[in-house]
Each structure stands twice: as structure tokens, then as C-alpha cells.
Amino acid sequence: MTIAENIKNITMKLSPAVRLVAVSKFHPLECILEAYSAGQRVFAESRPQELYAKVQSLGEIARPSEASSGAPSYSDIEWHFIGHLQTNKLKLVLPYVSMVQSVDTAGLLEAIDAWGQKNGKVTNVLLECHIAMEETKQGFSADEIREILLGDREYPNVRFCGLMGMATFTDDEAVIRSDFSRIKALYDEISAAAPGHPSLADFKELSIGMSEDYMIAMEYGATMVRIGTSIFGPRQY
Ligand SMILES: *Cc1c(COP(=O)(O)O)cnc(C)c1O
């Protein structure tokens, strides 16, 4: 199956309210171009240097070398960042993305806010919630998320758009459902409190679901699914 066919098949299965985020990490630029030709506009990367390199390359091929080249500008691509972001890499990422889905520490949140203050950009973020059984996965606890979103500290250069989570890596569907139901409950709790918090005016995204579990994620209110392998095939590490 081609990338275009994969996108079409997945899109047909998504409810209209769910946005497909194409996870292009570890896939070459040609794969992004193929997905773009098929109409895909939202892409996600997980490594700062790789995101930066792809954005630069796209800029170069978009720049028409001859008046007649007719190359698309690619300026309508929306980049999301979904990986671990170190505070010394912000400049490779923040100027280019429309959302950081993987904010997983208070230090990173503060650094994004400070970067935005200096550079005049309000960054859309999702807080990554630790829902999986694996200790190794990243993310805040539910209490840490409550403290950030409902507490007193303000982050004027950050727009809190919702939550992101990764379920446990398992074939046991009951475990995946339990992971998703916990993040959905937290999402609902924060959404219910949002009217009293001006900083939560844009809190509406629940980014859950990947290649293996996005159909389940939709049952738990996913507004975005992040799909790599089912679109692009196995990653080329
Ligand atoms: C790689 C990645 C995905 C995509 O995973 P697939 O199983 O290839 O669909 C989704 N979300 C995050 C945070 C990732 O790092």
C-alpha cells in the first residue's frame, strides 16, 4: 500500500472531529512530500535536529529556482513536536511548530514561556500525562497537571490546548482502555473547571491513540491521533 492509500484508509475510519497527525520521524523527506500530495497537512516529529533539518529542506525545495517551477510552498504544513525536548534545543523547535504536544516537566514549561517572552511567540502546548504502566515513559502525574492548569502560577507565553498521553505498550486491550479512561477523566475534570480559568480558554484537545490503538482512543474522546507506522511503514532507524 502506498502512503496515499494508507492515509485515505485511516481517514475513512476517523470520525470527522478527529484530526490525523502524521508522525514522520525517522522517515525521509520524500515520505512527507508523498503524504502532502495526498492532502495531509499536519506532521509530527520527535527529535529537534530532525525537525529542524526537514523544515529547512522543505524551505529550500519550496523556494522556486525558476519562475515556472510551480513547486508548492508547503507553508500550510502544520508541525507538531511530540518527543523529549531539552531546554537547550528550544530554538530548533519553537520557531517552526504550531504545537508542542510533549511538555513533560515544569522546567520545560517555564523555559518555553521564557523563550516566548524573549521571542514574541505564544506557544500552543499539550501537557503530557503519564498514563502507561511503564515507569520509563515520560509525563506528569494527574496531580501535577492539576497544579499547573488550576494553580496560581501564570505562563503568559504558553497556550494550554489540552492533554497528550501514550498508553502502555501491550496487546492487552483492557490495560489500554484503562490508560485512556484515566486521561479522559482528567481531561473532563479540567474541561469542567475551565470556565473559571481564563488560561484554559483553548483547552480542547485530547491527543491519544497511535497506529495500534487509535480506534480505541476514539472511544475515549480523542480529538487528535498521532499515527506513524500505519502511514509510513516501519521506521528507518
Ligand atoms: C512515534 C510516536 C507516535 C507514532 O507511533 P506509531 O506506532 O508509529 O503510530 C505517536 N506518538 C508519539 C509520542 C510517538 O513518539
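Entry 1: I note that the model is predicted. I then turned to the side chains. A polar side-chain atom of Ser211 is found 2.5 Å from an oxygen atom of the ligand. For Arg226, I recorded a polar side-chain atom 2.8 Å from a nitrogen atom of the ligand. I next looked up how far the protein covers the ligand: taken alone, the ligand exposes 390 Å², and the protein buries 91% of that.

**Entry 2: the ligand's surroundings.** I listed the residues around the ligand, which are Val23, Lys25, Ile82, Met166, Met210, Ser211, Arg226, Ile227, Gly228, Thr229 and Arg235.

**Entry 3: salt bridges.** I searched the whole structure and recorded 13 salt bridges. I examined one of them, in which the side chains of Arg153 and Glu110 meet at 3.8 Å, N to O. I located both partners: Arg153 is in the loop between helix H6 (142-150) and strand E6 (158-165), while Glu110 belongs to helix H5 (residues 106-119). I noted that the two residues are 43 residues apart and that the pair links distant parts of the chain.

**Entry 4: backbone angles.** I asked which phi value Phe26 has. The angle is positive, about 65°, although Phe26 is not a glycine. I placed Phe26 in the loop between strand E1 (19-23) and helix H2 (29-37). I then looked up Tyr74, a residue other than glycine, and recorded a positive phi near 60°. Tyr74 is located in the loop between helix H3 (48-62) and strand E3 (78-81).

How values were computed: Residues numbered from 1 in each chain as written. Predicted model: local features only at pLDDT ≥ 70, side-chain atom pairs only at ≥ 80, totals over all residues. Heavy atoms only, no water. Near = heavy atom within 4 Å. Polar contact = N/O pair within 3.5 Å; in protein donor to acceptor, adjacent residues only side chain to side chain. Areas by Shrake-Rupley, 256 points an atom, 1.4 Å probe, with all protein chains shown as cover. Salt bridge = Lys/Arg side-chain N within 4 Å of Asp/Glu carboxyl O. Helix = DSSP H or I, 4+ residues; strand = E, 2+ residues; numbered from the N terminus.
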